[in-house]
Amino acid sequence: MSTPSSKSPSDLQRLGGIFTKVLLGIVIVLFGLEFFIHRHGVVSAEESFMFPALYGFLAFLFIVQIGKWLRLMIMRKEDYYD
Amino acid sequence: MISHMPPGLIMILAVFLLPFVPHVWRQIYMLGVIALSAYGLFLGAGTHLVWTVLGLDLILYQADALSLPFAIIFHLAAALNVIYSWHDRDWQQHCASLSYAGAAIAALHAGDLVSLFVWWEATAVTSVFLILASGTKRAREAAMRYLLFQVTSGVLLLAGAAILASTSGDIRFTKMDLGDAATWLIFIAFGIKAAFPFLNGWLQDAYPEATPTGTVALSAFTTKLAIYALARGFPGTDILIWIGAAMTALPVFFAVIENDLRRVLAFSLNNQLGFMVVAVGIGTELALNGAVAHAFVHIIYKALLFMSMGAVLHQVGSIKASELGGLYKKMPFTMVCCIIGAMSISAFPLFSGFVAKSLTMSALGETGIYWAYFVLLFASAGVLEHSGIKIPYFAFFAHDSKIETGEAPIGMRVAMGIAAFLCVGIGVFPSLLYSILPYAVDYHPYDAGHVTSQMQLLIFAMLAFVVLVRLKLYPPEIPSTVLNSDWFYRRLAPAVGLPLLRGIMLVWGSFLCQMRGFINAIWDTLDRIMHSPLTGPTVSGRAVLIQAGLLALLLLIGYVAAG
């Protein structure tokens, strides 16, 4: 998605790297907190280990994948209605 | 005197002076008028103005705990829009947006269905000018389609009200039970403006075609007025849970592949309305508080997101994800505001979306309708995908688009700053919001378990995004048109309907031709008889024959009448 030919893309890559590290840091913190904090769920499955994390991760992948398939069906040229 | 006028009406009346007020003073004038209208809210709960027309009591100003939070946020949104469009010298647009906001506010205070209909239609005919103001062919066509849907909604509302008036004589706008034709007509009228599934095409079709400032105004009023109407008319209607759940989930997939970032936000708006519709469908005090709180904060963060994208459009001239990227250095303030809006709509703790959405999710959990709970949880990850990540990522990061630009005009930045401040303020101090909700609130969103659950959902969804981008599996943005429910009337109906119509016209034309031949044959026969009768004199013309015929008919009638 980025082209490494000018200064800005490398800035963007650096930003992306920082973002990933911060995100991984929060992931580790949340993983650690799971051992200390009792989460309430509306069903017992929701209280199982890292359930919201797994749900969020898989939901995101699912949405993007369905989006890719959907493109094949309902994506048309930009001037389709013109 | 002013305090007894329906709030919003003064904003509509003030429009007539607007063209004559010079620029800048015009904005100050509008802010003053909005403040005057808001002053009317201090009259408090009760029925303050009733007109009796043709035996019907038209309740023009009625206020209660449900209308108040909507009235507050509508005034605030109107004021934000004035500030956001401070640079704009186009008085027509200001007329449209001020009267549109006024009509929506007046509709909130209508205590009967006929008054509601008047303001309901007024929001349609005022707001369409915000789309027309773009001045493009696409905008003009989208505006007409928008108007068609909005007016249809009004006509259905009026039809429902007329049936109620004729059957029960009671047109008060109160809770209704879905069952007879009248209530269904009113329900569908509300459903069109609330963008129910398959009735939503107008939203994604028209909103992104409006001007940068116009879309901000549009995002605030029409759909939230519909949510208010549903909350007043159909709380606890089970079918709304199904409809709302579909609304939260379906637009998520469309938003992923849409290239126009304002259209992505329009899909996102649809998804957010779904949460509110579900909450209205649950109908408990906690759920209705959730619907109102969600509408309140949604107006702010959605306006903020539309404002930030409007600022990009204003500066760059495009809002296509495929043409943008890397603007974080050129428009850092807009980027920060956009991220605050994105975090609010994604419902990160300490942002406004979290404290509002938690009410609905908790209410849904209490009902035991678990499938809907998990659909909404899934949709929450979807919100993060399209509004939380896609909007800021493709506009401000992604790749360097080499676009040379700067920050938007000061008015746009001030409005974005205020909205961003409110998003964080409400998130940090939810009691401010909870204090104006319709029912007493004993709810604490910030318990450790709830916060960790939400953070896990969002952070791991973001992790999925990072993994996909790093593995180059995240789909790139492609200039395209994504088909939506408007395809049915923009393509399918003409494709099927036009040949059908042509066929019918062909048959009709052929029928007329045959008839003409048949009539000519009759006249020809008569002419022959007139000029060559078997006996007696010839008749000189058709007129004489017709007269003779009519006289004979009169004679016949005379004989019959005489007995």
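I'll start with two helices in chain B. Helix α3, residues 67–84, packs against helix α17, residues 410–428, and the angle between them is about 150°. Their axes are 7 Å apart. This is a predicted model, and the mean pLDDT of chain B is 93, with 99% of its residues at 70 or more. For the model, ipTM is 0.90 and pTM is 0.89.

Back to the pair. How are α3(B) and α17(B) oriented to each other? Angles over 145 degrees count as roughly antiparallel, and therefore α3(B) and α17(B) are roughly antiparallel.

Which residues make the contact? From α3(B) there are Leu80(B), Ile83(B) and Tyr84(B). From α17(B) there are Gly411(B), Met412(B), Val414(B), Ala415(B), Ile418(B) and Ala419(B). Eight residues of this contact are nonpolar, one is polar and none is charged.

Now the domains. Chain B is divided into domain 1, at 1–234, domain 2, at 237–480, and domain 3, at 489–562. Between domain 1 and domain 2 of chain B, the C-alpha centres lie 24 Å apart. Their contact takes 36 residues from domain 1 of chain B and 40 from domain 2 of chain B.

On the domain 1 side of that contact, the elements giving two or more residues are α3, α8 (201–206), α9 (212–220) and α10 (222–233) of chain B. Which element gives the most to this side? That is α3(B), with nine residues. As for composition, the domain 1 side that touches domain 2 of chain B has 27 nonpolar residues, eight polar and one charged.

Methods
Residues are numbered from 1 along each chain as its sequence is written. Chains are lettered from A and ligands numbered from 1 in the order in which they are written. This is a predicted model: local features need pLDDT of at least 70, side-chain atom pairs count only at pLDDT 80 or more; totals for chains, interfaces and linings use all residues. pLDDT is the predictor's confidence in each residue, from 0 to 100. Axes are lines fitted to C-alpha atoms, for helices over the stretch in contact, and angles run from 0 to 180 degrees between N-to-C directions. Helices (H or I, at least four residues) and strands (E, at least two) are DSSP runs, numbered from the N terminus. Angles under 35 degrees count as roughly parallel, over 145 as roughly antiparallel, 65 to 115 as roughly perpendicular and the rest as oblique. Two residues are in contact if their C-beta atoms, placed from the backbone, lie within 7 Å. Ala, Val, Leu, Ile, Met, Phe, Trp, Tyr, Cys and Pro count as nonpolar, Asp, Glu, Lys and Arg as charged, and the others, Gly among them, as polar. Domain bounds come from an automatic or database domain assignment.
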